[in-house]
Amino acid sequence: MQIEKHKVDELNHQQSNTHKRNFEYVAADVANLDEVLAKVGAFNVAIPSWALGTGGTRFGRFSGGGEPRSLEEKIEDVGVIQALNKSSNSISLHIPWDIPENAASMNALAAQLGLHFDAVNSNTFQDQKDQKLSYKFGSLHHTDKAVRQQSVEHNIQVIKYGQELNSKALSVWLSDGSNFPGQLNFRKAFQNTLESLEEIYAALPDDWKVWVEYKPYEPNFYSTTIGDWGQSYLLASKLGPKASTLVDLGHHLQGTNIEQIVSLLLMEDKLAGFHFNDSKYGDDDLTVGSINPYQLFLIFNELVEGMDAKGINHATGLGWMIDASHNVKDPIEDLLQSVQAIKIAYTQALLVDKAALVAAQQNNDVVLAQEILQQAYRTDVRALVAEASLRNGGAINPVDAYRKLKVRENLINERGLNTVATGL
Ligand code: PSV
Ligand code: MN
Ligand code: MN
């Protein structure tokens, strides 16, 4: 299933009067309009291969139908997202959930749809069929050297797959931890993890990076060996310049000031990028911006300020990726909503009056500082985001276009109603 450009154009045409009115209203107050539109237009967020099927919980899974049955069909679904929003030009694979058996044809299909491959994710948190040793008690941190070796080899294998796809980063998330006090020696577990990561680091090609993701709990409920940004930062620092910390928004305890973490990691050149999602309670993997859009804006405010201070290109300087799961929504609609929410937060952050904020901070004018931030946050920037999409050949309203073009109905006709995508 591919989206025909002229159909998107037709829909845009039908909405053009309303869009023009909304756009002119908001654009009138944006001094550097062309710059803002160019930056938003250049911004892309990678789609994870595992998020294209309906997710589930340990209590059940309810298929939506028309789900991708192969990696090819997942790439095609990302092609649909990209055709509609022009901001999702890459796909991130989770191996072995998605093994690119035939890399040349995967590359060709991706290129034909205007896509490329983003970071590759390893998986040593589940036992795979025919696997020799179990990860029940961890992988890179394991007490048994043979298990550590097996997980190191898996990561090196993932790098090899990634090289064939022209990926440039390995993303590592470990479930390693303990369920009960006394179960493990924290120091030994950390040192084992470091040694294992050193072996993986040594296998990285020159132009590759390794991104170390942290998470406080789940599946282990007493300790996690890379449980917070401090532990990830420590590992990344010891490993060297190719290693940095990946921030998954759902991997924080409630109330954590994520924007402050982001600011400091960026300051230290140790921020790899993001797994975007939203959460109410824990690692809920909800649609980005669905619960706490203000936090997302505050994170982007720190990103824009910090990246500008260092002259880092917003679009390409960090890894931008979604890591969400959809239990009751159409996965493609959810992903379209997530990317829109990210673009909205980014656009709002671009509108912050930086000079005025610096002055207010310098004068300890707390009220004015808040007013400045909220002036940007409360601006309805949706027409700016739509204009950037329009100028790139995308839809004014991607979710609306997806529905009007009956994409899911077509996918169900093509693939059937009872489909189960691979992944979580
Ligand atoms: C773990 O909760 C995680 O966030 C890691 O990034 C995994 O790779 C991903 O979820 C799987 O959905
Ligand atoms: Mn994640
Ligand atoms: Mn997670």
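Among contacts in the protein between residues at least 6 apart in sequence, 80% join residues at least 24 apart. The model in view is a predicted one, and its secondary structure comes to 16 helices and 10 strands.

The overall dimensions can be taken next. The C-alpha atoms fill a box of roughly 65 × 60 × 40 Å when this is taken along the principal axes.

From the whole we can turn to the interior. In soluble globular proteins, nonpolar side chains tend to be buried together. The largest nonpolar core here holds 109 residues, of which Leu84, Ile91, Val210, Val212, Val262, Ile322 and Ala345 touch the most other members. Helix H11 gives the most to this core, contributing 11 residues. To follow one of those members, Ile91, leaving aside its neighbours within four places in sequence, is in contact with Ala46, Ile47, Ser49, Ile75, Val78, Ala110, Leu115, Phe117 and Asp118.

Helix H13, residues 366-377, has 12 residues and reaches 17 Å from its first C-alpha to its last, close to the 16 Å expected at 1.5 Å a residue. Its buried residues are Ile372, Leu373 and Tyr377. These cover an arc of only 135 degrees around the axis, which means that they lie on the same side of H13. What covers the buried residues of H13 includes helix H10 (293-310), helix H11 (331-350) and helix H12 (354-362).

Terms used:
Residues are numbered from 1 along each chain as its sequence is written. Chains are lettered from A and ligands numbered from 1 in the order in which they are written. This is a predicted model: local features need pLDDT of at least 70, side-chain atom pairs count only at pLDDT 80 or more; totals for chains, interfaces and linings use all residues. Helices (H or I, at least four residues) and strands (E, at least two) are DSSP runs, numbered from the N terminus. Two residues are in contact if their C-beta atoms, placed from the backbone, lie within 7 Å. The expected span of a helix is 1.5 Å times one less than its number of residues. A residue is buried if 20 or more other C-beta atoms lie within 10 Å of its own, exposed if 12 or fewer, and partly exposed in between; C-beta atoms are placed from the backbone. The arc is that of the directions from the helix axis to the C-beta atoms. A nonpolar core is a set of buried Ala, Val, Leu, Ile, Met, Phe, Trp, Tyr and Cys residues joined through C-beta atoms within 7 Å.
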